[in-house]
Amino acid sequence: MRIRSLRGAAVAAGLSVLVAAQPALASPDGHGGPRYTAGAPSVGDPYFPDEGNGGFDVRHYDIAFTFDPATKGIDATTTITAVATQDLDQFDLDFRGPQISSLTVGKHKASFRREGQELIVTPRPKLKTGTEFTVTVKYAGVPPVITDPDDSIEGWVPTDDGVFVPGEPQGSAAWLPGSDHPTDKATFTFHATVPEGLTAVGNGQLLSQKTAKGRTTFVWDSTEPMATYLATITIGRFQVAESSTPGGIPIYTAVDPQLATQSAATVAKIPEIIEYFNTLFGPYPFASAGAIVDRAPDVGYALESQTKPIFSSAPSVNTMAHEIAHQWYGDSVSVKRWSDIWLNEGFATYAQWLWTEHSGGATAQQTFDGSGNYGRAATSSFWQTVTTDPGPVNMFGNVPYNRGAMTLHALRGKIGDPAFFKLLKDWATTHKYGNATTADFVAEAQSVSGMDLTAFFDVWLYQKGKPTTW
Ligand code: TRP
Ligand code: ZN
């Protein structure tokens, strides 16, 4: 499912009027044959107006590259498998990566041009709606570091021994041509060739690792649908360990040797954290789990990359719990538009509160009451950001995290533990591998609790100001 762009909607609406008024535009055979138009250049998400594309749905990405640690560059071939959702004579991909040497659609060379992050492709023959097609893009060079509206960095971030690869909210297009919006999920296969001694860690399961002539090729397969921003292929010198959860989910961890001592206790907690969240949220949604602990001091945050959260320094157990919780909330259930980021961050933060209580620390109620949360004065500017619209600069600021988590804790008090914990599980099940909105959550909370929660969600999610009654 994809949201139609504002521009796309306007074009489509205009077109239907035009077609009704001018039957001359009907196809030559008069039987409603193909009517080719350009796919929308984006999905029209106001926070990142160029992200995503219209007119097709990506099913699979296959990315193969060799990595040169001297330059941090890659020589890459990405093949996208997609299905046309309209008759297409042109479509866009998102791509901010290095120079393209060739682009084919199916077997045919296609002409293309680049404008900002748009890679505009003219497929010949044209593509009829419903057609499955492949786009193969060859490119080489050093992918860029991308700076976000809040000045944080992502994309292809060089490290001492390789590259750290976070993609939220707009980094994947640095190295991967595609549809870079959470609504277009796909499966992924990575083939990364690196000098022997380095490890390339991607999402999903390690299919093979073969060394020949001083180079090792790692093949990673991400078998459940994944949003592009959750893709990673992080490279470096790593200590690798494999284990599994008590329930049998395989775990692959890659830790920078310089951080091994500092992060050992946290990494050792992964099975226990997953087991605890299994009881709260329902079964872990993916075929594998793990973590990548690297040294990327200029990044300074962690990210819930699917099945392999990435950490730019040695993580605390709390941060590990946060990123693992995202596997349910954020990765399996993803936002339909970025303004609903509290559905990711509020849930993962609340999961941290629950983990803290479970492991003998502060209770969720104590955390709620704390000075970084409900204890903030009503005059604090914290209360002046609306939870459901923090804006692109503050989407990873305090409000989606802390007011988001407070919203969930207050909801728990309002509807009671049985309904609240049923809701958490239902939310993970109903939208598994999909996308959802705040309105979907409000509707589900009302349906599970049997209560009218309009006033509750109004003060917590839709209005400024410190809620006083709810
Ligand atoms: N989603 C990440 C987390 O909370 C944080 C994150 C992703 C982030 N991208 C960012 C924080 C950009 C600041 C800037 O786990
Ligand atoms: Zn988070």
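## Inside the sheet

In strand β23, Ile310 is the bridge partner of Ile292. Two bridges join β23 (residues 310–311) to β21 (residues 289–293), and these strands run parallel. Helix α2 (residues 260–268) packs on the sheet, touching β19, β20 (250–255) and β21, where contact means heavy atoms within 4.5 Å. The direction of α2 makes about 160 degrees with that of β20; axes are lines fitted to C-alpha atoms, for helices over the stretch in contact, with angles from 0 to 180 degrees between N-to-C directions.

The open sheet has five strands in the order β19-β20-β21-β23-β22, with mixed pairing. β19 (239–244) and β22 (302–303) stand at the edges with a single partner strand each, so one side of each has no neighbour in the sheet. Strands pair if DSSP finds at least two bridges between them; helices (H or I, at least four residues) and strands (E, at least two) are DSSP runs numbered from the N terminus.

## About the model

This is a predicted model, where local features need pLDDT of at least 70, side-chain atom pairs count only at pLDDT 80 or more, and totals for chains, interfaces and linings use all residues. Residues are numbered from 1 along each chain as its sequence is written, chains are lettered from A and ligands numbered from 1 in the order written, and side-chain values use heavy atoms, leaving out hydrogens and water.

## Charged pairs

There are seven salt bridges, each a side-chain nitrogen of Lys or Arg within 4 Å of a carboxyl oxygen of Asp or Glu. One of them joins Asp340 and Arg337 (3.7 Å, N to O). Asp340 is buried at 2% relative accessible area, while Arg337 is partly exposed at 35%; buried means under 20%, exposed over 50%, and partly exposed in between (1.4 Å probe, protein chains only).
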